[in-house]
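Biologist: I'm new to this one. Could you walk me through how to read it?

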Amino acid sequence: MNAPVSDSMPSALHGVLHVALVGNPNSGKTALFNRLTGSRQKVANYAGVTVERKEGRFAAPSGRTIRVLDLPGTYSLNATSPDEAVTRDVCMGRFDGEARPDLLVCVVDATNLRLHLRFVLELKQIGLPMVLALNMCDVAARRGILIDTDKLSQRLGMPVVETIAVKHRGTEALVRQLDAALPDLPLAPDANADLHVQVGRLLSDCVSIPRRTAQIDDALDRVLLHPSWGLAILTVLMFFMFQAVFSWAAPLMDGIDAGVGWIGTAVSTLLPDGPLKSLLVDGIIAGAGSVIIFLPQILILFLFILMLEESGYLPRAAFLLDRLMVGAGLTGRSFIPLLSSFACAVPGIMAARTIQDPRDRLATILVAPLMTCSARLPVYALLIGAFIPQRTIGGWFNLQGLVLFALYIAGIVAALGVAWLMKALRKDDTEHALLLELPSYRIPHPFDISIGLWERATIFLKRVGTIILSLTVLLWVLSSFPAPPADATGAAIEYSLAGRIGHALEWVFAPVGFNWQICIALVPGLAAREVAVSALATVYALASTSDDASAQLLPIISSQWSLATALSLLAWYVFAPQCISTLAVIRRETQSWKMVGITAGYLFGLAYLASLLTYQIARLLT
Amino acid sequence: MYYENDSYLPFELRSLMRLSELPHHAAATVLHVESAGEIDSIAHRLRDLGFVQGEPVRVLAHGPFRRDPLLVQIGFTRFALRRAEAQRVHVEPAQA
Ligand SMILES: Nc1nc2c(ncn2[C@@H]2O[C@H](COP(=O)(O)OP(=O)(O)OP(=O)(O)O)[C@@H](O)[C@H]2O)c(=O)[nH]1
Ligand SMILES: [Mg+2]
């Protein structure tokens, strides 16, 4: 699979045309790729979204198959970070297991030609047939930018097609061009010629531009990047986001809650008592149902994340916070990987590939798991819902939303602290680059946002249907067998394997206030955080002696746990690396088990410490 | 304007201005990018990004903490540069 490809014969001879999309970051390569191949790779409005090559295929009108590669964006073939190196190697035919493409499609942003054409000229030197895709023609037209494509094509020595990657049929001209015969090799430019001078000439001969920047960008940046206003707006925005997660979701959650309860009651009245009924009602419905309730909160969180990603605001936030992150031993470039980790640490850790400096990159990877990922949301929401009263503070703020905000802040502060410590330990005072491009603002497209949310919903439901469900069933088995002896007095689960494990672990976790039910739930919860919620639901459903099938988790824990225990569990979840996929991706990205060990070790250590402090202090106070 | 008297300065002094010292919104053109040390990938990248002789450049804003980083407009693009990066870029303020 990974064998280097020996045959240097263009694969076009075999009937399949092999095309690679290359260009500067944020020029719309992935948007084009998705439109051409019908894929759904991530598109967002900042530099460095794509960090690895992606392959897709489509059939051209003539029936010929075209294989398309989407590549990470880069400013030059002189790569400075791992993602840029991928693009360089593929273009040069040096990438293991990837034949050199037959044709390069250079994707440029028609509103940013001064920068993007230089890279096109640089690419001419590597000696592959090329096509120029002038993307974002819609924006260029709106800004009154006129481009003489015939002249540009003649001067560049390659076909030029206009594309609008975000519009239906916006790539037809490109498809027609790909379906035609391969264009001739462009003449390699004089090796000594100054590419910038050539770009200047191309621009003055072929392009007319009323204004170098969009007026709206200038106006927005004056406010959003203002030293004091900018920070205030960023804070309000973040605050609003977490408020909304709680206050908007409530009615939807009540609906789902009622639905799950109704199904549970219906099933338990239909089925006779026995293991099957217990598996369905106590295991599957109580377990999976307890997690599904949190779908609305997750979708609201993603609504904000998707809108921020597409608007172009994220790099601005990085700009505002860069200095703080440098102080902590990170870089403004860590901001986007860390922010992606609010969705999930796995893509966040992968996004760290855009960081040039290896030490910065490692620091970012090691602290990314501290960002509050969306899988923590069910745990937080459950505990907050059970223990924090629904109260309005100062006529404005929802107390539950405030606590959630505080938990997110706790994750961020912990990440900065750990990064700072790492920096202090390695005594590093070398210079680290920022060089971050700030893109034009864009209005998020409601259709794209809905598709994004739909995808998120399916991902979440798939998780519930696969990993969470199977672990819940497994836990049900472990909690139901071996069956209690005939003369048993307590609940059956006390005698089961899981019950014994829970009681054994209770000894370790007694100082932090976890009871044996929590200890049981933490074990399958190592695989994925939400599993802890479904596991708790199953454990309590099995342990309950009443026959009330709709016995819901939230009222049970709010009546049985102390506030100190709940706060301690919240503190545990801020830190504990209860996620196998995160550890796996750290292994893949750092190529080192040692780093996995260090990460897991320090996170568990911090988690225990934080829970211990929280529990002991809370017990003194309450 | 800050640099009205600029033309009285001898040329060498004018050219000593660095992008990190340029007042906000003052028009200037790039003279050259200085490399720190033998191989300076940051300087190289700055040139690739368009910081080359004759390009108009402007500083539009600075970050809230320690006036760092800088928001710089070069060509049609905006970049965030740290002061240490902007220091490598020598500029000549435009004549008022
Ligand atoms: N208006 C308009 N927006 C576009 C067009 N093509 C892409 N975009 C937007 O441009 C932004 C960048 O698109 P991507 O496809 O992620 O860019 P990319 O080149 O893959 O970026 P990297 O992966 O970071 O190199 C997104 O916000 C897209 O919605 C277009 O033709 N018109
Ligand atoms: Mg991309």
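Modeller: Let's go through the metal site and then some salt bridges. This is a predicted model, where local features need pLDDT of at least 70, side-chain atom pairs count only at pLDDT 80 or more, and totals for chains, interfaces and linings use all residues. Residues are numbered from 1 along each chain as written, chains are lettered from A and ligands numbered from 1 in written order, and side-chain values use heavy atoms, without hydrogens and water.

Biologist: Which protein donors does the magnesium ion (ligand 2) have?

Modeller: Donors are N, O and S atoms within 2.8 Å of the metal (3.2 Å for Na, K and Ca); water is not among the atoms, so sites may look incomplete. Here they are OG1 of T30(A) and OG1 of T50(A), 1.9 to 2.0 Å from the ion. T30(A) sits in helix α1 and T50(A) in the loop between α1 and β2, 20 residues apart. Helices (H or I, at least four residues) and strands (E, at least two) are DSSP runs, numbered from the N terminus.

Biologist: How many salt bridges are there over all chains?

Modeller: A salt bridge is a side-chain nitrogen of Lys or Arg within 4 Å of a carboxyl oxygen of Asp or Glu. The count comes to 32. In one of them, E98(A) meets R53(A) at 2.3 Å, N to O.

Biologist: Is E98(A) buried or exposed?

Modeller: Buried means under 20% relative accessible area, exposed over 50%, partly exposed in between (1.4 Å probe, protein chains only). E98(A), at 4%, is buried, while R53(A), at 31%, is partly exposed.
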